[in-house]
Amino acid sequence: MALAKILWVDDEIESLQSQILFLQNKGYEVKATTNGFDAIDFVRENQIDVVLLDETMPGITGLETLAKIKELNQQVPVVLITKNETENLMDEAIGSQITDYLIKPVNPNQVLLSLKKIIDNKRLVAEKTTSAYQQQFRDLFMALNNNPDYNEWMEIYKKLVFWELEMEKSDSPEMREILQSQKQEANNEFFKFVSKNYAKWVSPKSTEAPVLSHTLFQYKVFPHLEKGTPLFFILIDNLRFDQWKAIQPVFSESFRILSEDTFYSILPTATQYCRNAVFAGLLPVEIEKQFPSQWKNDDEEGGKNLHEEEFFRAQLKRLKKDSLRFSYTKVLNHQAGQDLVNNMHNMMNNDLNIIVYNFVDMLSHARTEMEVLKELASDETSYRSITSSWFEHSPLNQALKKVADKKVNIILATDHGSVRVKTPYKVIGDKQTTTNLRYKHGRNLNYEAKDVLAFRDPREAGLPVPTVNSSFIFARGDGFLCYPNNYNYYANYYKNTFQHGGVSMEEMIVPVIKMSSK
């Protein structure tokens, strides 16, 4: 079987017979035509891997032929072979999506190299990725079994994300499957790790804990305030580390990325708990104590994230930073996004500008409810792709570009991540039990102990006690909590949707990125 099928279009094809023979000996199948019209007909009727196209031909030029070929087959790579290297011709050719170009007279090895680059590139990248992952697989496996601490867990998760993104370049479903099962195994171990350590982290007596939602500002934001340089703190709701990696290239165009760290989201990994904790600098149990009328539990009516700015002012006061000039902007819809773009220049006078941007969270909720989005974001790869496409065209990106040429610092973070759920766990509770899929609180909860992390006393997890004798449970790994009534319907309806609130690396180990203007 031929390595690839090549169409060579040149009005002096006779003089290229030795070149064609050379390629055939290397294992390529080569078809030849002497003009653009025949080439277009040939592409219309045949499957071609690469077109080698002469630029100057009588009848119809190479560039005109190229345009027609691209109309028929947008994907086919075209190598333009030209006598002249004039800049406007090159611009036009590159604008018309040529894959490569060669200057006449062409040497057979030049042509071979170009073909190899085009045809073998995918295969070579895939092979290299696969063998590199195979070498790392053992290291990751050993790291998992080496009783990792919270810093090592962050490194393990970053490595798994790195390989997940690398595997997109590879066409090996087997390797992806191995990676997925390694990720699942890692999440099982991570669940045990969090179950064992979480109460210690959030205990008032804690001496050893990672940076958590409520200590994010203290350790990752305030130390980076610089006199005379505005700091923009951007919180994109529900942004996983792999989604950050998807939007990173867009940021890199305008800003210098200084560090890509992670921190731990508190439990439950849900907006009203994590985001309030981020801005208050307090655990939910302390927020409820200090702001009894503003804090709302899951089962209470009303918005649960309406007081972030007030909580933040109180944090500044507590840390004796209330002389800080800051702005707080929350973007919940497109109009608010446009207002942000128009207001960026006014923010340059502040020490700190907080921007809370709700898009990814809306996407994950809408994806659960809307069939069309289930198609668009059916797995992690497409979820990353949608996030990247959204960010590139978002008012947030427009707004940041407005300050890219000024001296600014940026810290990008999130409140929690999300996980694609696959395994339904049965839970029985009374009428007061909450509806969340990844965590629940209520009285008389019945569940399988191995499926959840449970706190009979919510205060041990730094959480308020919603009603007397309420306990909290958090789903493990890729599980979601279903009631027995209508169990099969809900198990199927929610399977493969992105949810948050429970214990997984994707929800708990989240990005905090430091950037500055270039």
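In what order do the 6 strands of the open sheet lie? In this predicted model, the order is β7-β18-β10-β6-β9-β8, and the pairing is mixed. The edges are formed by β7 (255–264) and β8 (326–331), each of which pairs on one side only. On average, neighbouring strands are turned by 15 degrees against each other, direction ignored.

Within it, Tyr 264 has Ile 509 of β18 as its bridge partner. Helix α17 (residues 395–403) packs on the sheet. The helix touches β6 (231–236), β7, β9 (352–357) and β10 (409–413). The direction of α17 makes about 170 degrees with that of β6.

Nonpolar side chains tend to be buried together in soluble globular proteins. Here, the largest nonpolar core holds 79 residues. Trp 153, Phe 190, Tyr 198, Tyr 264 and Leu 396 touch the most other members. Helix α7 (residues 173–202) gives the most to this core, contributing 10 residues.

Leu 396 has contacts beyond its neighbours within four places in sequence. Its partners there are Ile 234, Ile 236, Leu 340, Ile 355, Tyr 357, Trp 390 and Phe 391. A second, separate core comprises 23 residues. Among them are Leu 231, Leu 235, Phe 326 and Val 512.

How values were computed: Residues numbered from 1 in each chain as written. Predicted model: local features only at pLDDT ≥ 70, side-chain atom pairs only at ≥ 80, totals over all residues. Heavy atoms only, no water. Core = buried A, V, L, I, M, F, W, Y, C linked by side-chain atoms within 4.5 Å. Buried < 20%, exposed > 50% of the residue type's maximum accessible area, 1.4 Å probe, protein only. Helix = DSSP H or I, 4+ residues; strand = E, 2+ residues; numbered from the N terminus. Contact = heavy atoms within 4.5 Å. Pairing = 2+ DSSP bridges. Axes fitted to C-alpha atoms, helices over the stretch in contact; angles between N-to-C directions.
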